[in-house]
Amino acid sequence: MNYKNIETVKRLDFDRFDTVVSQRIGALKLLAQGMTETDVNDAICRDLILPCVYTLTQFLESVEIEEKHFGVEK
């Protein structure tokens, strides 16, 4: 049987994803921390930052990591 999805996932470069996502989150953080109250910055928050945070929140909710120690869940 051919498991195309598994083969595709195995080829993903998760190290690169980790690096790029971390860089982008850092950039969003700096942008958000330096914001002043203007119409343009409010639009940036509405159109860029808030949708990105929402997507990240969805990701965090869908990928739960359970810690297991010697076969016993903590």
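**View 1. The lining of the largest pocket.** Helix α2 supplies the largest share of the lining of the largest pocket, namely eight residues. The model is predicted: local features need pLDDT of at least 70, side-chain atom pairs count only at pLDDT 80 or more, and totals for chains, interfaces and linings use all residues. Residues are numbered from 1 along each chain as its sequence is written, and side-chain values use heavy atoms, with hydrogens and water left out. Helices are DSSP runs (H or I, at least four residues), numbered from the N terminus. The lining comprises 13 residues, of which Phe17, Val21, Ile25, Leu56 and Phe59 lie nearest the centre of the pocket. Both α2 and α3 each supply at least two residues of this lining. On a 1 Å grid over the protein atoms alone, a pocket is an open set of points where a 1.4 Å probe fits, with protein on both sides within 12 Å along at least five of seven lines; lining residues have an atom within 4 Å of a point.

**View 2. A nonpolar surface patch.** Val9, Leu12, Phe14, Phe17, Val21, Ile25 and Leu56 make a nonpolar surface patch of about 590 Å². Such a patch joins, within 5 Å, nonpolar side chains (Val, Leu, Ile, Met, Phe, Trp, Tyr) of residues with over 30% relative accessible area and no salt bridge. Areas come from the Shrake-Rupley method with a 1.4 Å probe, and for residues only the protein chains shown count as cover. Helix α2 (residues 14–33) gives the most to the patch, with four residues. Leu12 is found in the loop between α1 (4–10) and α2.

View 3. Ile49 lies in helix α3 (residues 39–62) and is buried, with a relative accessible area of 10%. Buried means under 20% relative accessible area, exposed over 50%, and partly exposed in between (1.4 Å probe, protein chains only). Leaving aside neighbours within four places in sequence, Ile49 is in contact (heavy atoms within 4.5 Å) with Leu28, Leu31, Ala32, Met35 and Ile44. Ile49 and Leu28 are 21 residues apart in sequence and 6.9 Å apart in space, C-alpha to C-alpha.

**View 4. The salt bridge of Asp47 and Arg46.** Asp47 forms a salt bridge with Arg46, and their closest N and O atoms are 2.7 Å apart. A salt bridge requires a side-chain nitrogen of Lys or Arg within 4 Å of a carboxyl oxygen of Asp or Glu. By this rule the count is one salt bridge. Asp47 and Arg46 are both exposed.

Key
Patches are made of residues with over 30% relative accessible area and no salt bridge: like charges are joined within 9 Å, nonpolar side chains (Val, Leu, Ile, Met, Phe, Trp, Tyr) within 5 Å.
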